[in-house]
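Please look through the structure below with the sequence beside it, and follow the paragraphs one feature at a time.

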Amino acid sequence: MKGIECLSVIDERSAAFVALGIAQQSQTVVALICTSGSAMLNYAPALAEAFYQKIPLFVLSADRPNEWIDQGENQSINQNEVYKNYIKKSYQLPVQINTEKDLWYSDRIVAEAINSCFYPDFGPVHVNVPLREPLYNLAEDITHTPKIIDFIKPVYSLVDSAMKELVKEWDSHKKIMIVVGGLKKRDRALEAVLQTIGKLNNVVVLKEAISNVYGEDFIDQIDANVEVVQANKSKSFVPSLVITLGAGVVSKKLKFWLRSQEGISHWHLTRSFEHWDIFQGLSKVLQHDALSFFEFMLKETTTNQGIYRSDWMQLNKQTRSALDKYLGSQEFLDFTVFEYLLNNIPSSSLVQFGNSTPIRYANLLHIPAGKDFEINANRGVSGIDGVLSTALGASLLDSKKLCFCISGDIAALYDSNALMNAHLNGNFKLIIINNQGGNIFKIIPGPDKLNELEQFFETKHIYEFSHLAKMYSCKYFKVNNMEELANSFKDFVEEEQESAILEIRTDGTKSAHVLRSYFDFLKQDIKLN
């Protein structure tokens, strides 16, 4: 079709996540087209992720006409509003176009549906298209020009009088914590103003790997810092005002710590209407652009007193030093592998982390601004689905930009059909940390004490990925220790002719023990005044 690039992806569940990855990077609408029946149900995991991650997907599902629903007819289910809990809006086209008004109505629906993908924020939309047989050998009508309804994108801002009231409240706080959630792309203008505001003595800026902001005045390694604060029962680090922006926060330690505090005010910046009270202190939802909000605060604030920032910066310096000391004494395990990867993945790469342990390890490590990574993870719903497929979709936007997908073995097995894709390029690099099971369940408290851990939680296995690489014509590398990793990594990165898989075999039991012991080490190594 003229002006539209069409890709065919065989597996529908994978296809939906490929579309999600493309839309995540392009920040524009990507359409999904499928047949009726169970085919469209395979889109559901990706649509749920897109809904909570605010990614614009446009689903066009074929359907049978109403008279054949629930009549035992082939490939028919009740498709009307089937995704209704996980999309912004659902539309149903008429079965037949008999009059000009039918055509006008259909055009108007489609135009509204496309615009709904953008307002007030990005998200998925579904258009159901019932069709009568015969479905094939239909004459193509090229005389009709679709109706376009331009949607003028609004500017999200509060009136000056409201902003000045917020400035007064801001100035009353001596301990302000800004928490940057997930941002899909690196926004250098926003990053710059956050760097400046992060130099105020009463402000501290906390960020995670998927925040996609960088700066030496930001606090990363949040879990490590919070662990030390809690162990020392220090009240000096507790904020009186928390301001959040971006998508959800990964760190459970931060969420649980702030929920346990009393008297905290929480402002949430958003283009949408969500009331995300993740710290149980939400007091204001501000529909205002984050960049202009912080520029206004920076310009108008009169408060720059206290030691709140310096306390956090000193703690962050200590935790970074403690991490270097701790990892320097460790063998080849998950933690040291992740440190090696983040140090050696080329700068300016796309990095897609799997859920559970991969993104958590990334949050424990410091990523310098010079790496200029764009980091994403499917943390809208945080499911195991589509890790590889999303990364593959992201890699398609620019074939010259390296895209590294770092996944655990279970997530890679679960989404292995992602490699059944004619659009694999040499820029797609898949790194699989294979510790023979879902190692997160050896780390989180509870499952690690149960007899059913290996069979029902961890789902321990003996698989490796060489045959999968051969089946899908991917260059394959396998390493079992740090020396092999160092020797193979350059060749893995520089492989240009075909997609490459690097399988890193580690000991899951030892890796879990080393990660848990890290937090004990922090509590012993760092004592606060």
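In this predicted model, the residues of helix 18 that are buried are L485, S488, F489, F492 and V493. An α-helix makes one turn every 3.6 residues, so residues three or four places apart point the same way. At S488, which is itself one of the buried residues, helix 18 bends by about 35 degrees.

The loops of the backbone also deserve attention. In the loop between helix 4 (100-116) and strand 4 (125-130) lies P120, and the peptide bond that leads from Y119 to P120 is cis, with omega near -5 degrees.

Which residue has a phi near 55 degrees, a positive value, without being a glycine? This is N212, found in the loop between strand 6 (203-207) and strand 7 (218-219), and N212 counts as buried because its relative accessibility is 1%, where buried means under 20%. Q280, in the loop between strand 9 (265-269) and strand 10 (282-286), is not a glycine either and has a positive phi of about 60 degrees, but Q280 counts as exposed because its relative accessibility is 61%, where exposed means over 50%.

Finally, the second largest pocket holds about 740 Å³ of space. Its lining has 27 residues, of which D121, L183, K184, G246 and R271 are the closest to the centre, and by class the lining has twelve nonpolar, six polar and nine charged residues.

Note on methods. Residues are numbered from 1 along each chain as its sequence is written. This is a predicted model: local features need pLDDT of at least 70, side-chain atom pairs count only at pLDDT 80 or more; totals for chains, interfaces and linings use all residues. Side-chain values use heavy atoms; hydrogens and water are left out. On a 1 Å grid over the protein atoms alone, a cavity is a set of points where a 1.4 Å probe fits but cannot get out, and a pocket is an open set with protein on both sides within 12 Å along at least five of seven lines; lining residues have an atom within 4 Å of a point. Grid points are joined across faces, edges and corners, and a volume is the space filled by probe spheres set on the points. Ala, Val, Leu, Ile, Met, Phe, Trp, Tyr, Cys and Pro count as nonpolar, Asp, Glu, Lys and Arg as charged, and the others, Gly among them, as polar. The bend at a residue is the angle between axes fitted to the seven residues ending there and the seven starting there. Helices (H or I, at least four residues) and strands (E, at least two) are DSSP runs, numbered from the N terminus. Buried means under 20% relative accessible area, exposed over 50%, partly exposed in between (1.4 Å probe, protein chains only).
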